[in-house]
Number of protein chains: 2
Amino acid sequence: RMRAGGAVTGVVAELGQSRGIKASGLKLRFCTNETQATRGKFVAKLQRLGFNILVNEVSAPAPAACHILKERNLRPHLLVHDDLVPEFDQLDKANPNCVVIGDAADNFSYKNLNEAFRVLIGLENPILISLGRGRYYKETDGLKLDVGVYMKALEYACDVQAEVVGKPAKMFFQSALAEMDVEPQQAIMIGDDIVNDVGGAQQCGMRALQVRTGKYRPCDEQHPEVKADGYVNNLAEAVDIIVKQLHK
Amino acid sequence: RMRAGGAVTGVVAELGQSRGIKASGLKLRFCTNETQATRGKFVAKLQRLGFNILVNEVSAPAPAACHILKERNLRPHLLVHDDLVPEFDQLDKANPNCVVIGDAADNFSYKNLNEAFRVLIGLENPILISLGRGRYYKETDGLKLDVGVYMKALEYACDVQAEVVGKPAKMFFQSALAEMDVEPQQAIMIGDDIVNDVGGAQQCGMRALQVRTGKYRPCDEQHPEVKADGYVNNLAEAVDIIVKQLHK
């Protein structure tokens, strides 16, 4: 899968660079929109690939959504991937008063979407929380529809606007910064997605570099709305530049 | 099913009224957004209910779409209900250069929506034709998502705008009028859907009555955008009024 956004995609490709950052004394955080597995599974996979990463260094939409749900006393009806369900274990899901939608893949059957719709349309104040707004992603066997497409479907069906958790939502970046105890102006985002990574981080007051790997396309450099603060050919180059700046 | 729009819903409920219209010498046409069966099947069902109706008196989205497809040399990839497929028998469907979406119900699987998406995203000039823009309809076992919801999903995935065939599209009403050889000012639409029946017909220059049956809701009479030319409690009342006007 090439969807796991931002820094993570790059780092996996150029293993060891995160050590460069960590050794420099800089704080590091991985922001992903991955919603097909728990953070635990996601990190275990990266660790098996030899990657130096811990669960509490990762920001992902599902734990962020759980935080919101608890704060607002919301009981979710889940339309998510089977492997993501354990992230919501701690929450009361009886008599739901909101719908949480993630990248459910094959779980996006007519029956399941209809069920989520009926919960939503039956609520006096319908709340739809979407774990991302992506259109599609690439797997080895081709393009796959992402959560944003089904979010739009439910938005239209119920005439509501979803609350998006994950990149490019401002609050998602703000939480990541708060957990690092770093101000936006002190932080830099590195990612391959011009809108979700670069645009989202900039909205939040951070600078952002786009890596020319992963889902990068040359036309991104002429994007009508988002202009990156810089372009790098790969994550290694980004780390070099950042560490050199640091030693000046 | 309560979705089959406009006059048809009403007429089925108040059987025999169409005879009143036919006997008066007025031309009559049934406009439906039904896309879960061929016109043939649809009419046969009404005939079994004792209803005086012929296939060539019915305007429906699938035959209208076929007309458009032939005119523009389009080869459709179909995402429709199994029972609707025969309507497209005459068309070349190899190497598709557009997608046609109808109320596919259980055929709206992740796999099938993904397939339609891949066809569309692979086209240099992506054309999406939607057999309606309805949000949901009511069946005996509850509310069901309608074609418009999946149209919105594909529109967002591919950043395209669908061409909608069926009510409330202007062209759909214009074709029905042309087949009757009647000018819009000479025609009156009777339907239960304030937007698709009443609003659509008015956009086309016709007058339109809303019947207070079927999907009618009292708040329709304060609709922010559409104001019916009149309200009737049922189709029988509409026929009475029209026939009386005629004899003045």
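Let me begin with the pair: chain A can be laid on chain B with an RMSD of 0.1 Å by a turn of 180 degrees and a shift of 0.1 Å along the axis, where the copies are superposed by least squares on the C-alpha atoms of residues with pLDDT of at least 70 in both. That is the relation of a two-fold axis. The same surface serves both copies, in that 100% of the contact residues of chain A recur in chain B, and contact here means heavy atoms within 4.5 Å.

Before going on, please keep in mind that this is a predicted model, in which local features need pLDDT of at least 70 and side-chain atom pairs count only at pLDDT 80 or more, while totals for chains, interfaces and linings use all residues. Residues are numbered from 1 along each chain as its sequence is written, chains are lettered from A and ligands numbered from 1 in the order in which they are written, and side-chain values use heavy atoms, with hydrogens and water left out.

Now to chain A itself, which has 9 helices and 11 strands; these are DSSP runs, numbered from the N terminus, with helices being H or I of at least four residues and strands being E of at least two. The radius of gyration of chain A is 18 Å, close to the 18 Å that the globule rule gives for 248 residues, so chain A is as compact as a globular protein of that length; the radius is taken over C-alpha atoms, and the rule is 2.2 Å times the number of residues to the power 0.38. Of those 248 residues, 54% count as buried, a word that stands for under 20% relative accessible area, with over 50% being exposed and anything in between partly exposed (1.4 Å probe, protein chains only).

In chain A, however, a cis peptide bond joins A:K167 and A:P168, with omega about 5 degrees, and A:P168 sits in the loop between β8 (163-164) and α7 (170-180). The bond from B:K167 to B:P168 is also cis, with omega near 5 degrees.

The other case is A:A105, which has a positive phi of about 50 degrees although it is not a glycine, and which lies in the loop between β4 (98-101) and α5 (110-121) of chain A. At 11% relative accessibility, A:A105 counts as buried. In chain B, B:A105 has a positive phi of about 50 degrees, and B:A105 is buried, with a relative accessible area of 12%.
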